[in-house]
Structure formats: C-alpha cells, structure tokens
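Here is a friendly briefing to read alongside the structure. Take a moment to look it over, and then follow the points below.

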Amino acid sequence: MSYPDWIVLILTLAAIIIYGVFKSRTTKNLDGYFLSNREMPWYVVLFSIMGTQASAITFLSAPGQAYTDGMRFVQYYFGLPLAMIVLCITFVPIFHKYRLYTAYEFLERRFDVKTRTLTSFLFLLQRGLSTGISIYAPAIILSSLLGWNIYWTNIFMGGLLIIYTVAGGARAVAYTQQLQLIIIFTSMFLAGYLVVKYLPEDIGFFDALKVGGAMGKINVITTGVGENGFDWRDRYNLWSGIIGGFFLALSYFGTDQSQVGRYLTARSIKESRLGLLMNGLVKVPMQFLILLLGILVFAFYQFHDAPLFFNQTQVNKVSQTTYANTLKNIQEHYNEADSRKKEIVRIFSAGGDADFSDEHKMELIYINNQRDSLRAEFKKLVEKPDIKGDANDTNYIFLRFVLDYLPKGLIGLLIAVIFISSWGSIAAALNSLASSTIVDIHKQFVNKKMSAEEDFKMSRWYTLLWGIFCIIVAQFAYNIGNSLIEAVNILGSLFYGVILGVFLLAFYCKPVKGNAVFWAAVLGEISVISLFVLNENKTINLSFLWLNAIGALLVVLLGFLLQFFTFRNRKFS
Amino acid sequence: MEETNERPPVFKTWNGWYIMVITVLVAQIILFIYFTKYFS
C-alpha cells in the first residue's frame, strides 16, 4: 500500500473511533449502556440492524460469489422481509411490553430459569465463537494480500473497536454503525463506478451485464429443480431462499441478542417496527447491488488478464513445491485461454451485438469452462496433503481487483471499509454478549443485588473480556480450516433453529410448559447436530440452510409431544 | 411506556406496511425473473 492509502486508512479508522467515543455519553446503568435509554429513532435502529448483519465478509465475499457462482446468492435473502413482518407482529410488542434487556429474559417469564439459561448459553457459545471467526476471516484475507502479520491484523481487526464499545455501549455502537454504513456505501459505489469506467471505451454498463449474462452469471432466480427433481443440497434457490431464509432470518433477528439488542434501543414499538420493516425493504436490493458489482468485476476481467488464482500467496506456496512444473503447465494453458478470451470479447467491444454471433458466444462459454477447469486443477494442487492450502479464492477476487486497478487513496478507503464493516458487527456482538452475560447469567447466579453503578461497571468489564475472548478465538481460528465463512454460517445453523423453536413455543403454543420445552430443546439440539454429522459423513444430502427450519420445527413438535405424553399430569413451573 | 396501538406513518394500520413489504418482495422477484431471462 502507498502512503496516501495508509493516510486514508488511518484517518478513516481514527474518525470512527473518535466519533464512537464522542457519542459514548450515556447514563450509568443497564438501560443506558445496553439500550441507549430506549430513545433511538427508527433510522438509527435501521442502520444499526444493517450494520450488525453486514460484516466485512458481506462486502468481500458477495462480489466474489457473483464472480464465481453468479447472482443467485441474492435469493438467500428472500425470506428476510417475511421474517421482519412476523417479528413486528409477535416479537417486538412482547419484548417492548416487558421492557426486556435480553430476548432470553422472556423465556423465564414464559417458562422457567433453566430454559432461559439454556438458550442464553447456546447464544453465548455460538455468538462468542462465530465473532472470533468473524475477526479472523477478513484478517487472514488482508494478511495474505498485503503481507501483514496475521496476529497483529487480528488484534487491530478485533481490538480497536473495543475502545468505543466499552466506553459507550449500545449508543456508541449504533451511532458508529450509522457513520460506518455511509462510508461503506459511498466506497462501494465509487468502486462500482470505476469498474465501469475501466471497461473498454465502447463497453458500457449494459454491455457489461450482457457479457455476464452470456456467461451464465446473471442467474438471479433459480428453482433448484434439476433432471432428478429438487436438489436438497443446492444452497441458493428460490425455495431455500424463501423457506430456509425465512427461518434463518427469523432466528437471527428474533432470537440472537446481537440483533434483538439493536431494536430494543428504539424509543417505541413504532420505531422498532419501522426500523425492521425498512430493513425488509432495503436488504434485498442492497444485496442485489453488491452482487451486481461482482458481475461488473467479472465483465472487467473478460477484457483484462484474469489471475489463475486470486490469492497469490497460495500460488507462491505451490510454486515452491515439487508441483511447480505442473503449476507452470496449468498457467501456460490458462494464459492461452485468457488471450483467446480477450480476442473474442474484443469482437463484442468493436461491433456490439451485431458482430457478436452465437458462435462467438459458444466459444466464449467454452473458453470460460476451460479456464474454470484449469482453476479447478490448480485448486486440487493447493489441497494436496503436503501443501494444505486454502483452495477457495472467492473472498480475494474483489480485493485483488481493488489492489491491482483502483487509484491510490481509494485502495486505503476500501481497506478501511473492510475494517469498519467488521467493527460494526463485532461491536454489536460484544455488546450483546456482555448484556446476556450480565443479565442472564451474572445477575441470576453470581450477584443478584447489584446497584445501577455496579451493573454499569460490570457490563464494561464483560464487554472488554468478551472482546479479548473473541480475539483469542481469532488467533486460533486457523485450526478450523479454510472455509471460515461457511464455518460461521454452519455454526449459526446448528443453534439458531433450536433457539427459534423455543421462542415459537413461547409465543404461539400456550399449553406447552417449561419442562417439555427444555427437553425438546435438548433433544432438538442433539438431532440437529446428528443430522449435521450424517451430512458431513455423506450419509444424507442436506444443505446446512435447512438445519434452521428442521431445528425449529423439531423443537415445536417435540415440545408438543413431550407436553401431552410425558409431562401432562405433572406440575410445571 | 409507549402505546402498543400507536398509529404507523403513511398507512392507517400496520397491515398496510406488511402488505407493502410483501408486495415489494413479490415485485422484486418478478423483476429478477425478467432480469435473469433477459440477460441469459
């Protein structure tokens, strides 16, 4: 990185921290620290919800996802608007009515302490580990591309935000998220504008989409139905998006304290609802635009040299092994294909649709398939036992483009975007981990009689401790393997469904009581983990996205069965 | 403590908002189907 990039990066990050500390003045009690005294307007709630959900990976991975797999990833968000409606009808009024600090408090009111403790424990376990991985995932990308030390990158990625998160709690988190999203969207828009500008003179935005479309990348809607019927392993299609995505969004926004804590800061039910519904309106178009950026980058690389593999560190790693000759061979074939690809797209560039015949399109598809095969061949080398590298370069695609082609200064700004988008979600996670620890655990089992001032001080300590814990997890995250983003998503799917099932029983199934729900949750969790293990062993074919729906439905079903066949004649809490 | 039945902006009831969110989602899906077909 050049000096201007360093200056932009440091100034942007410093601005966020200073703004966060400036906005950290709040009352010294739990209401002030965790809920901003419940005085936030809907647009701050909206930004906070969006900033919590959108991590660095959202902005790094989505364009890369569009580059490799097309735009169908957007379907993953189709269930979200529907989930927002259910939340507004059921969850929000109840959470506000009881003036809760955490979602799990409600479970004690409805069921008993053990159900509340179990769900908050599942949340703390899942959120604590996944936040650690969320620190490591963008840190390893930056470390790999820029040659930074991974341990220090982890510390900066997960550490600096602790300053304002500890100082100002939910209020500082919400206001910094607002500023962060403004910077992120401006930078992404600038990047999109420059991709189009860097296309050949005769090629405009619309032509770039045509190139992407011809290569099958504009597959926004897919049904998941193939020759053998519906493919349950297919992750992103209309049905898994609407059904699986609905359950995932309902679990995440309704039962994950990192999100519940955001809309509980609203000054009224009305403001909470507006924040959530606006999120339902803007989320799908926002994801669509981020994926569109990936299509533009794809079109750009049709006219320019595209790297064989976007993570150069892995290429260097292979070139220093006995597979160096094989790599050279692959690279030569790839370069030949890449040159021919550029010749063909230039015909399109020179003559437009008229000169770009079906034969040209077919040849371009053939060459792209050939390039994909060569990339796959290289990935096999990376995965060899004696190399054990990261064979997934999806998250490197957009950043590789940024580093290779964008002007000085903007590179620094886009690196800052990675940091601050991470900070937004990590800060909310730390705030929620601390709130659940103090409200659901500490004040339940350690010290029930704490003054408001003691609550406040202890909350700050827990925020700091969770911050340190997550950085430690990040430092050990390389042991998990290469699919870090997938690890976060799978981790969520293992627990979210069960927690949602408990909440669905709480809201909609009055006859079911505490003991039945508790054991339904325990059995449900065991079943979900078993299904996951069976899938990993290839005994069954099931995408992890379905685990949310299965977990939730299983807990509801087991709750009813246990209530009516086992606990019916006993006294309940 | 806020009123649970406070009126939403723009529409008379919250149902108006819910219908709008669903309508926008359906419209987006239809638009995406058209978009996919057009460019493929």
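Two residues are in contact if their C-beta atoms, placed from the backbone, lie within 7 Å. By that rule, 25 residues of chain A are in contact with 18 residues of chain B. This is a predicted model, in which local features need pLDDT of at least 70, side-chain atom pairs count only at pLDDT 80 or more, and totals for chains, interfaces and linings use all residues. Residues are numbered from 1 along each chain as its sequence is written, while chains are lettered from A and ligands numbered from 1 in the order in which they are written.

**Where chain A meets chain B**
- The elements of chain A that give two or more residues to this side are α5 (79-97), α9 (205-214) and α12 (269-303); helices here are DSSP runs (H or I, at least four residues), numbered from the N terminus.
- The side of chain A that touches chain B has 14 nonpolar, seven polar and four charged residues.
- Ala, Val, Leu, Ile, Met, Phe, Trp, Tyr, Cys and Pro count as nonpolar, Asp, Glu, Lys and Arg as charged, and the others, Gly among them, as polar.

**The domains of chain A**
- An automatic or database domain assignment sets the bounds: domain 1 covers 3-301 + 403-565, and domain 2 covers 312-389.
- The centres of the two domains, taken over C-alpha atoms, are separated by 35 Å.
- Seven residues of domain 1 of chain A are in contact with nine of domain 2 of chain A.

**A look at A:Leu30**
- A:Leu30 is found in helix α2 (residues 30-35) of chain A.
- Leaving out residues up to four places away in sequence, A:Leu30 touches A:Tyr101, A:Asp455 and A:Ser459.
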